[in-house]
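Please open the model in your viewer and keep the sequence panel beside it.

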Amino acid sequence: MVQRNFNNHWGRENPWRDKTGQEIPHFIEDLAKRTAAYKQLELKFPDQPDSITYYLNKPYRLKVLTAIKVPATQQSAQWTPFVTWNALCTPVRGHGAANRTRKSLGGRH
């Protein structure tokens with residue numbers, strides 16, 4: 001349902017726009033370069049952008065959203081999501097952030 005609403009709204013246009021409505025060029029690529037995963041891959045594969053691209057595009061299972069229902073006595077928000085931007089951008093392959101990072105880079109676990 002969410003994806004359908006997104007597609008209905010944006011169609012084939014990219015949603016990353018500036019305040020004037022112009023598409024922001026290289027938005028995804030620039031955003032990827034600021035992630036911890038990219039920086040770690042850059043350390044592991046200096047001067048090897050193809051290797052960095054390979055590992056960034058490698059499919060991983062992600063836990064996108066976990067939510068709990070807040071009791072009626074605490075109705076500041078009905079649902080409280082336990083997810084951060086970093087969690088959305090980081091491959092999950094183990095338990096804990098340290099394992100997740102090491103495993104995603106093919107290191108020891």
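Start by displaying the aromatic side chains: there are three aromatic pairs, where rings of Phe, Tyr and Trp (its six-membered ring) pair if their centres lie within 6.5 Å, with planes under 30 degrees apart counted as stacked, over 60 as edge-to-face and the rest as tilted. Select phenylalanine 45 and tyrosine 55, whose rings are stacked, at 5.4 Å centre to centre and with 10° between the planes. This pair links distant parts of the chain, since phenylalanine 45 sits in the loop between α3 (36–44) and α4 while tyrosine 55, ten residues apart from it, belongs to helix α4; helices (H or I, at least four residues) and strands (E, at least two) are DSSP runs, numbered from the N terminus.

Is phenylalanine 45 buried or exposed? Phenylalanine 45 counts as buried because its relative accessibility is 14%, and tyrosine 55 counts as partly exposed at 25%; buried means under 20% relative accessible area, exposed over 50%, and partly exposed in between (1.4 Å probe, protein chains only).

A word on the model itself: it is predicted, so local features need pLDDT of at least 70 and side-chain atom pairs count only at pLDDT 80 or more, whereas totals for chains, interfaces and linings use all residues. Residues are numbered from 1 along each chain as its sequence is written, and side-chain values use heavy atoms, with hydrogens and water left out.

Next, select threonine 35, in the loop between α2 (27–33) and α3. Threonine 35 is buried, with a relative accessible area of 17%, and a polar atom of its side chain lies 2.8 Å from the backbone oxygen of alanine 32.

Then move to leucine 65, which lies in the loop between α4 (49–57) and β1 (67–69) and counts as exposed at 54% relative accessibility.

Finally, zoom out to the protein chain, which has six helices and two strands and follows the pattern α-α-α-α-β-β-α-α along the sequence. Buried residues make up 14% of its 109 residues. Among contacts (heavy atoms within 4.5 Å) between residues at least 6 apart in sequence, 28% join residues at least 24 apart.

Technical notes: A polar contact is a pair of N or O atoms within 3.5 Å; within protein, one must be able to donate a hydrogen and the other to accept it, and residues adjacent in sequence count only if both atoms are side-chain atoms.
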